[in-house]
Amino acid sequence: MKYKSQAVAKPYFIAAIGLFFGQILFGVVLGLQYVVGDFLFPEIPFNVARMVHTNLLIVWLLFGFMGSAYYLVPEESETELHSPGLALLMFWVFLVAGALTVLGYLLVPYATLAEMTGNGLLPTMGREFLEQPTITKLGIVVVALAFLFNIGMTILKGRKTVVSLVLLIGLVGLAVFFLFSFYNPDNLVKDKYYWWWVVHLWVEGVWELILGSILAFVLIKTTGVDREVIEKWLYVIIAMSLITGIIGTGHHYYWIGAPEYWQWWGSIFSAMEPIPFFMMTVFAFNMVNRRRRNHPNQAAVLWALGTAVMAFLGAGVWGFMHTLAPINYYTHGTQITAAHGHMAFYGAYVMIVITMISYAMPMLRGRNAANSGKSQVVEMWSFWLMTVSMVFITLFLTAAGVLQTYIQRYTDDPQPFMVVQDKIEIFYWMREIAGVVFLIGLILYAMSFFVGGAEPEEA
Amino acid sequence: MNSTDDTEYRYPIRPCTLVYVVLMALTVTTWLLGKTDMTGLNIALPVLAFALFKGLLIGDYYMGLKGVRGLWRWVIIIWLAVPGSMITWAFINAS
Amino acid sequence: MDAPGLKALAVKNNYPPGDLAIWIFILAELLVFAAFFAAYAFTRAHHVELFNTYQRTLDTNAAMINTLALITSSYFVMRAVAAIREDRVKLCVRWTVAAILMGVLFIAIKSGEYAHHYANGVNLRTNTFYMFYLSLTFFHYMHVLMGMIILGAVAIKANNGSYSAREHTGVETGASYWHMVDIVWLVLFPLVYIMR
């Protein structure tokens, strides 16, 4: 660890893993509720569990992004972080706000939560993924601004690299687009139109810049390949992301009441959204092949390569499968969507945060470069368990979704929703089993931090 | 067109000027064909053929791909051939 | 075409001229346009009458002049590359500026066409033909603007003495992008304006 202030990343990473664990616990609950409808009812109804599951995902990924930035920016800028104190303060603010919000979801009826938090003054609650009370959203804005200020000042006073600048642009974009969560038009078409300015322009837009820059950083450090080569790849990849992703937003505008030309624009541009992910995969494998050294942290390299592959499969391939308007007409809102969503989020964003944690945590805990062999073996087991089980979750949901699409919509004699749900129940059970394996994988990941600590570092 | 004092570094301007003239001529021809009464494949196919040929000239001479080995040489050719075929097929099936 | 000078061209390279990164861009752009062209052709096959009818409202003369302008600008750009390969910097700048001016002509004429359509109440929602016509040409229009900015940067840098016969990758890079813009229009013009 070259700079003392990089240490502020550690609490962020610990919180990230902790909240990830919470997210998966609720995920397993949800999966069971699919097939045992009144499981934990009325204490934790399905919709509440879902809010907790999705909101925890976003929050822990944000903790992960912020921790990653606090770790890599001082190193890239070759100077200490502008204010470690501010970073730690914001950590606690964000953690407490997040915890209170989740407790609010769990302990209090949603309408009461809205009343308690003064939603009436500036209504922002009630939309998927954006269920947070307005005051929480305002808190997020404050935390984000402080974070951007801290990172920005650090980059300003130090060396400006392509990696840190791309990361900064991505993070600024994240903050800017989050502001659209405050815009709540009465018109339902406009409501949905702008909702995607948060969600799509995050995960199929500025978050790809964050993903690319963190991946580039880890590859620079672990392969020793020339910075210029990696940075040139990064430029091309993010350019492709933005070119395809911005107008590609149109693939969410097919059926919401927007003008029909979106069906063309959305289809043509979003069909190309896999390209940057394909390039990222070629990029990652190419850099590792051209490596000039065998970095002792082989677990981190495994996570990095895995990220590229899973992101391409989950976001790129599975996304492509249902992105064209004529297909989406039938598959919209089915289990195909769930299949894509899970693998995409896991492959792209969960894995890149874990990649960074895997790379940085050993050094944050006093190692030179990597954990012991024993620890890395446990970690690699967790990689395979989580990744393979996620593939199975996706496959099972895809099967469910294809059947659902066919029987409920495509066939000459479409069946009602609940009739179809009964027919695809077997896939939900199989998904749940895979989900439990995923949880085991995650537990192993956490355990990897506690085994092999006394052993010598891997050479 | 035949220059006897061409050094190794003299860029062949004259052939490419010839290419320029060909491109302009094909364009004017296309425009003139558009002015006639012809419809359907009688006009669509020749006009498309001219367009693809023009594209080939640009790729080979202007973009300098004639002197490039391997797949890069074929990039423009594939880009002309594949959509060109699709367009041809669509027009044939439309009439 | 077998002039001796052509042999200089025949030096076999592994890569096309200019920065490799721009060629990745060019591939991506070509892919988008190809998809659009194919979508146009296939949609037309289902709406032949509609497409034929409204195609007749287009200004083919303006489009032809635009085609000649772009071809000419590509020729100028090629002369610019030739000039810098002979270390003739000032000549390179002049050819590049001339190419940009041809681009200005294109933009002016196309803008005139758009103004005419707009005055007649034509927009993206009018019908499927106009949706394709406006989308395709506008998307291309934006690329012409982008190309002009790139050529502008090349001209400025050339004027500042940044390029020479030994090192002029930037000029070739800008030229390659511009040729892409030209080649796309060479398919777009006949496809949308003429083929019926």
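Helices here are DSSP runs of H or I with at least four residues, strands are runs of E with at least two, and both are numbered from the N terminus. By that rule, chain C has 7 helices and 0 strands. This is a predicted model: local features need pLDDT of at least 70, side-chain atom pairs count only at pLDDT 80 or more, and totals for chains, interfaces and linings use all residues. Residues are numbered from 1 along each chain as its sequence is written, while chains are lettered from A and ligands numbered from 1 in the order in which they are written.

Stay with chain C. Its elements run α-α-α-α-α-α-α from the N terminus on. Along the principal axes, its C-alpha atoms fill a box of roughly 55 × 35 × 30 Å. How much of chain C is buried? A residue is buried if 20 or more other C-beta atoms lie within 10 Å of its own, exposed if 12 or fewer, and partly exposed in between, with C-beta atoms placed from the backbone. Of the 196 residues in chain C, 45% are buried.

Next come contacts. Two residues are in contact if their C-beta atoms, placed from the backbone, lie within 7 Å. Take the contacts in chain C with a separation of 6 or more: residues 24 or more positions apart account for 82% of them.

Chain B has 95 residues, and 38% of them count as buried. Its secondary structure comes to 3 helices and 0 strands. They run α-α-α from the N terminus on. Among contacts in chain B between residues at least 6 apart in sequence, 53% join residues at least 24 apart.

Now look at one helix pair in chain C. The axes of α4(C) (residues 60-85) and α7(C) (residues 169-194) come within 10 Å and cross at roughly 160°. Axes are lines fitted to C-alpha atoms, for helices over the stretch in contact, and angles run from 0 to 180 degrees between N-to-C directions. Angles under 35 degrees count as roughly parallel, over 145 as roughly antiparallel, 65 to 115 as roughly perpendicular and the rest as oblique. The two helices are therefore roughly antiparallel to each other. Residues of α4(C) in the contact include C:Thr60, C:Leu70 and C:Ala80, and those of α7(C) include C:Val171, C:Ala175 and C:Trp185. By class, this contact has 15 nonpolar, 4 polar and 2 charged residues. Here Ala, Val, Leu, Ile, Met, Phe, Trp, Tyr, Cys and Pro count as nonpolar, Asp, Glu, Lys and Arg as charged, and the others, Gly among them, as polar.

Leaving aside its neighbours within four places in sequence, C:Ala80 is in contact with C:Cys92, C:Trp95, C:Thr96, C:Ala99, C:Val171 and C:Ala175. A nonpolar core is a set of buried Ala, Val, Leu, Ile, Met, Phe, Trp, Tyr and Cys residues joined through C-beta atoms within 7 Å. The largest such core has 223 residues, and those with the most contacts inside it are A:Tyr70, A:Leu215, A:Met280 and C:Ala80.

Chain A has a helix pair of another kind. The axes of α11(A) (residues 298-321) and α14(A) (residues 373-410) come within 10 Å and cross at roughly 10°. That makes α11(A) roughly parallel to α14(A). The residues of their contact divide into 7 nonpolar, 6 polar and 1 charged.

How do the chains meet? Among the 2 pairs of chains that touch, the most contacts are between chains B and C. No contact joins chain A and chain B, whose closest C-alpha atoms lie 14 Å apart. Between chains A and C, 14 residues of chain A are in contact with 13 residues of chain C. On the side of chain A, α8(A) gives the largest share, 6 residues. That side divides into 13 nonpolar, no polar and 1 charged.

Finish with the backbone. Most residues other than glycine have a negative phi, and most peptide bonds are trans. A cis peptide bond joins A:Phe41 and A:Pro42, with omega about 0°. A:Pro42 sits in the loop between α1 (9-35) and α2 (46-77) of chain A. C:Asp87 is not a glycine, yet has a positive phi of about 65°. C:Asp87 is found in the loop between α4 and α5 (89-119) of chain C. With 14 C-beta neighbours inside 10 Å, C:Asp87 counts as partly exposed.
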